Amino acid sequence: MMHVEEGESQLGIPVREIKGIGEKTEKLLAKLDIETVDQLVHHYPRCYTTYPEPISISEIKTGQRCSIEAEIASPIHLKTVRKLKLCTGLIADVSGQLFVRWFNMPYLRNTLKQGERWIFTGTPIYKDGRLMLEQPEYCKREKYLQLMETFQPIYPLTTGLSNKTVQKAQAAAFERYREEEYLPETVRNYYDLEPVNTALREVHFPTGTEHLMEAKKRIIFDEFFRFFSALELVKDREEQALNHYIIPMEEPVKRFVENLPYPLTGAQKKVLNEIRQDFSDTMAMNRLLQGDVGSGKTIVAMTAMYAAVLAGYQAALMAPTEVLAEQHYQNFVKLLSPLGITVALLTGSTKAKEKREIKAACASGEIQILIGTHAVIQDDVAFDNLAFIVTDEQHRFGVKQRDAFMKKGKDPHVLVMSATPIPRTLGIILYRDLDVSIMNEMPASRLPIKNSVVGTSYRPAAWEFIRKQVALGHQAYVICPLVEASEETQGENVIDYSKTLMEELPSGIQVGVLHGKMKSSKKNEIMQEFAENKIQVLVSTTVVEVGVNVPNATVMLIENADRFGLAQLHQLRGRVGRGDAQSYCIMINASSAKTAKKRLEILNKSNDGFFIASEDLKLRGPGDFFGIRQSGDLVFALADIYQDAAVLQEASEEVKTILEEDPELTEPGHHILQKKMMQFQEEQLSKMNL
């Protein structure tokens, strides 16, 4: 048992010291980056469930969570399938029978007896030719009546860790936990915010809808407040520098653009003009280029980097993955090597001897353009005259990585590129240390992606369509929301799905598997094989959301599309439609909810990422507390830049006001805030992907 003084923060206290957490649970929590009590308490539910009035078996609908009061109509059978302990049986009421099964819960054979009445809660699915409840909760009527009065938190989990275990751990943590309140009372009163400890307890142990909404508002405000505090401190530390590198974009650059194998769009020309002005301005360029997937951001960056080299300087580009860096390298070599430009590639996989040679050539100025992963920001990488740096998919890099990149030169021009579609008003708030350029026009050669939203019954037809596309020489992505089967969460998973596809598709079609739990080297190897068409169908989680450009891939099949945010679905869809052939995106909607259908119809009708982001914001609105929050929109645990846009703006303005009125935070009531802001700078910056 841990001994902590009242009011003392639990930073750094291991979760193992919490009552009921043993070595096994400690290791499982560590997989979720939860090692301390503070991290546990800030591991928020991803959604909440309520317990509805029980219905009869004849009334259930596929994909709609429900409760059924029924009798166990058969003995519970236990068998082992692929190392999984499987309990199966039948339940029945006067209206019919229903198959039930549980994974890795062998004790149920003795707990649930034939002839007993229980209430079962779960989401009915159609699988193996029949309707069933998989992994349902079960309890007696008396307990269920109590549950109907409550909200039950559902936590993000990992295989082997149950929701009940996390709930018990949270309860034990709150017996001791208290967080230091850092927001002055005047600020809390002005924005009508709960005290932090009241809010934390309510989020984990809700007592009602209104209380829960108030609690979430406070925690969301905190997350944005931390974000903008860190952002302000970065701005204070690094005021915009003077322009040390005047880079003209004159006749040779114009010829380069004219000789490209395709004409630039009006949006590309507009952004190049903005970069031209930045290069000749009194201050160094610090620009965000937000371009929809496939809008041609890379050629704009390449043109500007070519201009920097012609002016006698070096340029560098950093990409988030080795495969993407390799792809950029090939494109740059193809277009710039014939013009006498020396381009090199530096990644973690570059062989030691080659690394030494590249670093020496880079330091001497012999290499004019260096492309790579975070390997380019290692301490022993030096440049002779670096004037321009480009960060691709910049939200994948932490602020410290971006800072380290900038320090490779003396105040170089900076261009950061992102395909995440954020409405302009939010972009201006989030990236206020950057000038924002938006490219929302597609190259004329790109055929619009053909979209279709279908139900689960269409799945065999979708597989047949993939087979036909592969027969034509093309490739396909299949996206699943889960890595492997989960006790707590329904949805298709990569491991089982890939096995099914291997059985369903002809043996000559190679099916690959990709997910975030793989080592980086393995992920790169799989993506490279897909890029080279050694793999024809890639079954993956959203790890491919930002990644390699495979023009040969023409089909994107997204399972459980209703589980993803629209902006993320749009990003995924952008992996196809990158070549000359017609491409297709098939979104399988496993939900019968009208809202899911309405949201997916937005994607069905439009390929414009900025329109989709804005529509998503309008549709979802504040107070959508029971759905799965949109992922992929910056790294916030609970806050969502679309849904919580109003709170985001309030937090942004409050940080600015506090620091304008009291820059050193020396006024009475600001001493805890000062300490916390320093903590935000040290602890939050490395976690934030700006």
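This is a short walk through a few local features of the structure above, which is a predicted model.

Okay, let's begin with the sheet. It is open, with 7 strands paired in parallel, and the order is β13-β14-β12-β15-β16-β11-β17. Which strands stand at the edges? Those are β13, residues 343–346, and β17, residues 435–439. Each has a single partner strand, so one side of each has no neighbour in the sheet. If you ignore direction, neighbouring strands here are turned by 20° against each other on average.

Now zoom in on one pair in there. Have a look at methionine 318: it stands opposite glycine 372 in β14. Then there's helix α13, residues 352–364, which lies across β12, β13 and β14. Relative to β13, helix α13 runs at about 130°.

Next, a helix pair. We've got α11, residues 297–310, and α12, residues 322–336, with their axes 11 Å apart. How do they pack? The angle is about 55°, and therefore α11 and α12 are oblique to each other. The crossing of α11 past α12 is right-handed. As for who touches whom, α11 brings Thr298, Ile299, Met302, Met305 and Tyr306, and α12 answers with His328, Asn331, Phe332, Leu335 and Leu336. Sort that contact by class and you get 7 nonpolar residues, 3 polar ones and no charged ones.

Over to strand β19, residues 475–479, where alanine 476 sits. Is alanine 476 buried or exposed? Its relative accessible area is 1%, so alanine 476 counts as buried. Setting aside neighbours within four places in sequence, alanine 476 is in contact with Ile466, Phe530, Gln536, Val537, Leu538 and Val555. Take isoleucine 466: 10 residues from alanine 476 in sequence, and 6.6 Å away in space, C-alpha to C-alpha.

Last stop, backbone torsions. Most residues other than glycine have a negative phi. Here are two residues with positive values. Arginine 82 is not a glycine, yet its phi is about 45°. Arginine 82 lies in the loop between β3 (77–81) and β4 (84–93). Glutamine 135 has a phi near 55°, again positive and again not a glycine. Its loop is the one between β8 (130–134) and β9 (137–139).

And what about accessibility for these two? Arginine 82 comes out at 59% relative accessibility, so it counts as exposed, whereas glutamine 135, with a relative accessible area of 13%, is buried.

Definitions and conventions: Residues numbered from 1 in each chain as written. Predicted model: local features only at pLDDT ≥ 70, side-chain atom pairs only at ≥ 80, totals over all residues. Heavy atoms only, no water. Axes fitted to C-alpha atoms, helices over the stretch in contact; angles between N-to-C directions. Helix = DSSP H or I, 4+ residues; strand = E, 2+ residues; numbered from the N terminus. Parallel < 35°, antiparallel > 145°, perpendicular 65-115°, else oblique. Left-handed = near helix turned anticlockwise from the far one by under 90°. Contact = heavy atoms within 4.5 Å. Nonpolar A, V, L, I, M, F, W, Y, C, P; charged D, E, K, R; others polar. Buried < 20%, exposed > 50% of the residue type's maximum accessible area, 1.4 Å probe, protein only. Pairing = 2+ DSSP bridges.
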